[in-house]
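Here are some notes on the salt bridges, jotted down while going through the model. Have a look and see whether you read it the way I do.

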Amino acid sequence: MRIDLHTHTLLSDGDLLPIELARRAEVKGMDAIAFTDHVSFSTIERVIEETRKDCQAAESWEIETILGVEITHVPVDRIDEIVEKARRLGAELVVVHGESLVEPTQPGTNRAAVSNPEVDILAHPGLISEEEAGLAKDNDVVLEITSRKGHCLSNGHVARMAMSVGAELTVNTDAHSYTDLIDEETARKVAMGAGLPPERVEWAVNSTPASIVRRIRGK
């Protein structure tokens, strides 16, 4: 099983159409993929509508495609507003671009995201605090461990904070090209490299993402 819940297409800064990324992911043996292109107030309607069409077209294939967004560089005091808008427009998965060490994300973004139960995943949350990780647990917001260059620098810290409070983790690629997609073995290595013990590796690589997909599909 391989599920990736954070990818980008040419609807933001990726290389491929959603339908093409879906096909390439299916050929690589993946079970499910979420399209989570960067959105803000200027692009959210267009991105969701265009992604929806390719997700519908991909229903002919075996791979599960999920209509998502990554809320990116939105002012902290408007995150709740755009999360609500994403849900209203039909986003099945809401990811928030966390306070990565390699981007100037506004301080307070992590806290705003983990305080909102409508957020599914806080991506690459950088030096997230233990208190914020606790809020993530309380609000069922999953924290991301990533294979993405640069963003992965804080994976070990994120893993420690999550394990200290019992917050959920998932391994994603933040893929911008089909070459960024990884297989299950590589995902396990990313999780182990972050310091997760064997039982938490299985949880982050398979159990948690599968649970998210089941919840989205109402299963």
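1. Start with Glu45 and Lys85, which form a salt bridge whose closest N and O atoms are 2.7 Å apart. This one ties together distant parts of the chain: Glu45 sits in helix 2 (residues 44-57) and Lys85 in helix 3 (residues 79-89), 40 residues apart. Bear in mind that this is a predicted model.

2. How buried or exposed are the two partners? Glu45 counts as partly exposed, because its relative accessibility is 37%. Lys85 has a relative accessibility of 16%, so that residue counts as buried.

3. Helix 3 also holds a pair of its own. Glu84 and Arg88 meet through their side chains in a salt bridge, 3.2 Å from N to O. They are four residues apart in helix 3, so about one helical turn separates them. Glu84 is partly exposed, with a relative accessible area of 44%, while Arg88 counts as exposed at 53% relative accessibility.

4. Now helix 7. Lys189 and Glu185 form a salt bridge there, with 3.6 Å between the closest N and O atoms. Again the spacing is four residues, within helix 7 (residues 184-193), so the two are separated by about one helical turn. Both Lys189 and Glu185 are exposed.

How values were computed. Residues numbered from 1 in each chain as written. Predicted model: local features only at pLDDT ≥ 70, side-chain atom pairs only at ≥ 80, totals over all residues. Heavy atoms only, no water. Salt bridge = Lys/Arg side-chain N within 4 Å of Asp/Glu carboxyl O. Buried < 20%, exposed > 50% of the residue type's maximum accessible area, 1.4 Å probe, protein only.
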